[in-house]
Amino acid sequence: MGALYTSAALREYARAQVTQADVLLTKHSESALSLCRCGRLHPCDDRRHWLRMRAHYGRFLIDE
Ligand SMILES: [Zn+2]
């Protein structure tokens, strides 16, 4: 697992995940006071989920 952890393949995967997270975070941004663009209260479950994912995968890209 150690070698895979720092592999270029994982970095590529992490970069793709961060890109996807950014797209979805844009879709789930605040559209009006306390309202997400999807119609739920801001921040909605999707936004919280993708913020966590972005933080998780972003850690793999820090030392680039
Ligand atoms: Zn939303």
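How are the donor residues of the zinc ion spaced in sequence? The spacing is H-x7-C-x1-C-x5-C.

Before the details, the ground rules. This is a predicted model, where local features need pLDDT of at least 70, side-chain atom pairs count only at pLDDT 80 or more, and totals for chains, interfaces and linings use all residues. Residues are numbered from 1 along each chain as its sequence is written, and side-chain values use heavy atoms, with hydrogens and water left out.

The zinc site, then. The protein donors (N, O and S atoms within 2.8 Å of the metal, or 3.2 Å for Na, K and Ca) are His-28 through ND1, and Cys-36, Cys-38 and Cys-44 through SG, at 2.0 to 2.4 Å from the zinc ion. Angles among the four donor atoms run from 99 to 116°, and the site is tetrahedral, a label that requires all angles between 85 and 135 degrees. For reference, the ideal angle for four tetrahedral donors is 109.5 degrees.

His-28 and Cys-44 are both buried, meaning under 20% relative accessible area with a 1.4 Å probe, protein chains only; exposed is over 50%, and partly exposed is in between.

Next, helix H2, residues 8–27; helices are DSSP runs of H or I with at least four residues. Its buried residues are Leu-10, Arg-11, Ala-14, Gln-17, Val-18, Ala-21, Leu-24 and Leu-25.

Gln-17 counts as buried because its relative accessibility is 14%.

Key: Helix = DSSP H or I, 4+ residues; strand = E, 2+ residues; numbered from the N terminus. Expected span 1.5 Å × (residues − 1). Tetrahedral: all angles 85-135°; square planar, octahedral: opposite > 155°, others 65-115°.
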